[in-house]
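I opened this notebook to record what I looked up in one structure. The entries follow the order in which I worked.

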Amino acid sequence: MQTMFHAFWSSWFTGDAKRRALHETLAEIPVFADLGVFELRFLVPILHQREYQAGELVFREGEAGNGMYIIQSGQVDVLGQNTEGASVLYARLSERQFFGEISLVDDQPRSASVVCATRSTLYGFFKPDLLELIDKHPAIGTKILFNLAHVLGHRLRDSNTKLMELQAQIAAMRGGHASS
Amino acid sequence: MRTLYALVLLAAAALTLLALYKLGLILLLGFLLAFLLDPLVDWLERRHCPRHWGALIVFVGLGVLLALIVMTLIPFLQQQLVDVAEHRGDYLAILKNRVDHLHELAVRYFPASAVEAAQAKAESLSVEQIQGLRNSIPAVLSWLSHLVFVPIVAFFFLVSGAEIKKWVISLLPNRYFEMTLMLLHEVNTQLGGYLRGQSLDCLINGFLYALGLFFLGVKGGLAIGAAAGIMNAVPYLGPILGSLPGMLSLMLDPNAVMPWWSVAILFLGVHLLDNLLIYPMTVGRSLDLPPFLVILGILFGGSIAGIPGMFLTVPLLGMARQAFVVFRSSLKSYRII
């Protein structure tokens with residue numbers, strides 16, 4: 001019966017080639033990297049595939065955020081605002097990269113805006129689905145959470161390193177001014 | 001284009017459901033039943049039971065439970081019916097006595113012309129009601145036969161509900177899909193909590209009514225109590241309507257020890273206990289609707305779909321209110337308004 005239901009919905013909503021491509025993408029996303037084919041069977045149905053045009057907004061800084069996006073194809077720009085309110089490009093992300101993962105664990109508004117630079121296919125993964133996955137399949141949920149913690153820890157370490165570099169640069173600049 | 005497609009589809013679905021009113025009600029009842037049973041299927045799924053098998057196990061379990069209840073109740077109800085048929089004359093005599101007593105009181109305190117007019121009106125009304133009741137039997141039976149489809153629809157929603165939700169969301173424009181996802185999640189959580197809480201409330205109330213009626217010596221007290229428990233799901237009117245068969249039973253029973261108004265006291269007591277303790281613990285304030293809106297909704301639901309309409313109004317109103325509240329706050333947090 002499961003096969004019947006599965007085949008029915010598969011024929012309607014996804015194809016095998018599409019699923020294979022998605023599995024390949026997910027394998028390269030650190031949050032899902034160590035999930036096996038069996039575990040991906042529970043993850044893929046809760047991902048939301050979306051098609052975006054070039055220039056289309058994915059989300060805006062300050063909006064409520066509830067999940068992360070994975071880039072299957074295309075490119076997106078992560079934008080912020082400087083102190084004068086002008087738009088600043090933080091990063092350009094391309095396929096098999098992801099963004100918005102902090103929203104899976106906090107209840108804060110989005111910290112940056114994301115706009116598609118080209119026509120893109122994105123997969124959304126949202127907090128209610130993650131919580132349901134943790135509830136129903138704790139082993140898979142724990143793996144994802146652990147990977148997510150790993151990614152966020154890595155980002156924090158990077159930020160600390162950059163902060164220390166900046167502090168060293170400021171100290172050096174102050175030292176230079178003092179000696180001159 | 002996607003918005004237009006979604007709107008056309010939504011309008012077509014609404015029109016179809018409106019045209020096929022019975023189908024709409026069956027879908028709605030199936031949807032609500034799926035909501036009620038979802039935690040059981042989830043529980044089995046957490047224990048590595050595939051969802052379709054979980055749904056099947058839950059339905060087979062429910063079927064067995066229902067069969068056991070029916071098998072226990074049928075001989076009991078049969079005995080009650082035989083008893084009523086055997087003592088039909090006695091009951092009618094008591095009823096006539098009560099009506100004559102009422103008539104005497106009316107003649108004593110009201111003008112004769114008014115009493116005669118009221119009597120004529122009551123006679124014509126009772127004839128109309130009995131005629132109407134007779135005519136509605138085939139319609140009720142047809143309704144009951146349609147109810148067979150409710151578990152099938154519920155099974156379908158339980159197994160494929162997530163896919164259906166995902167498909168509906170896929171039709172929405174990119175700008176609104178994340179917000180809609182959260183909206184559905186919030187409504188789902190609130191409505192699920194309400195329906196499950198309300199079911200538990202009905203069960204506890206039904207048990208208390210049945211126990212009370214049994215001790216008051218009401219014939220068929222257990223069945224009347226269980227039915228009153230279900231009626232309790234209709235706010236305000238439910239407990240009043242639920243108490244009538246018990247009062248009538250004591251009123252017509254020549255061997256009754258307790259007076260008919262003891263049933264009213266029992267219902268009042270249980271209702272107070274429900275309002276002060278049971279309802280806040282089971283349902284809480286999850287669907288905090290204004291009483292006026294609830295009464296208006298019940299009357300509207302009753303006029304559209306009879307008793308099922310009265311039962312469905314409150315969860316539907318709650319769902320609409322919750323959707324509106326979450327929708328408005330989502331529009332703000334997503335900076336759409």
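**Entry 1: conventions.** I noted that this is a predicted model, in which local features need pLDDT of at least 70 and side-chain atom pairs count only at pLDDT 80 or more, while totals for chains, interfaces and linings use all residues. Residues are numbered from 1 along each chain as its sequence is written, chains are lettered from A and ligands numbered from 1 in the order in which they are written, and side-chain values use heavy atoms, with hydrogens and water left out.

**Entry 2: chain A as a whole.** I found five helices and eight strands in chain A; helices (H or I, at least four residues) and strands (E, at least two) are DSSP runs, numbered from the N terminus. Read from the N terminus, the order of elements is α-α-α-β-β-β-β-β-β-β-β-α-α. Of the 180 residues in chain A, 39% are buried, where buried means under 20% relative accessible area, exposed over 50%, and partly exposed in between (1.4 Å probe, protein chains only). I also looked at contacts, meaning heavy atoms within 4.5 Å. Among those in chain A between residues at least 6 apart in sequence, 73% join residues at least 24 apart.

**Entry 3: the sheet.** I traced an open sheet of four strands in chain A, in the order E1-E8-E3-E6, with antiparallel pairing; two strands pair if DSSP finds at least two bridges between them. E1 and E6 (98–99) of chain A are the edge strands, each pairing on one side only. Five bridges join E1(A) to E8(A), residues 120–126, and in this pair Tyr52(A) stands opposite Ser120(A). E8(A) also pairs with E3(A), residues 67–73, over six antiparallel bridges; there the partner of Tyr69(A) is Gly124(A).

Which residues of E1(A) lie on its covered face? I listed His48(A), Arg50(A) and Tyr52(A) there, and Gln49(A) and Glu51(A) on the uncovered face. In a regular strand, side chains alternate between the two faces of the sheet.

**Entry 4: the interface.** I recorded 29 residues from chain B and 31 residues from chain A in the contact. About 2700 Å² is buried between the chains, and carbon and sulfur atoms give 57% of this; buried area is the accessible area (1.4 Å probe) that two parts lose on being put together, summed over both. Lys166(B), Asn174(B) and Glu178(B) supply 21% of the area that chain B buries against chain A, more than any other three residues.

How many salt bridges cross the interface? The rule finds five, counting a side-chain nitrogen of Lys or Arg within 4 Å of a carboxyl oxygen of Asp or Glu. One of them joins Lys136(A) and Asp42(B) at 3.2 Å, N to O. On the side of chain B that touches chain A, the elements giving two or more residues are H2 (21–46), H3 (51–86), H6 (149–170) and H7 (174–215). H6(B) gives the most, with ten residues.

**Entry 5: Thr282(B).** I placed Thr282(B) in helix H10 of chain B, residues 261–282. Is Thr282(B) buried or exposed? Thr282(B) is buried, with a relative accessible area of 17%. Leaving out residues up to four places away in sequence, Thr282(B) touches Gly197(B), Leu200(B), Asp201(B) and Ile204(B). The side chain of Thr282(B) also reaches the backbone oxygen of Ile278(B) at 2.9 Å.

Notes
Polar contact = N/O pair within 3.5 Å; in protein donor to acceptor, adjacent residues only side chain to side chain.
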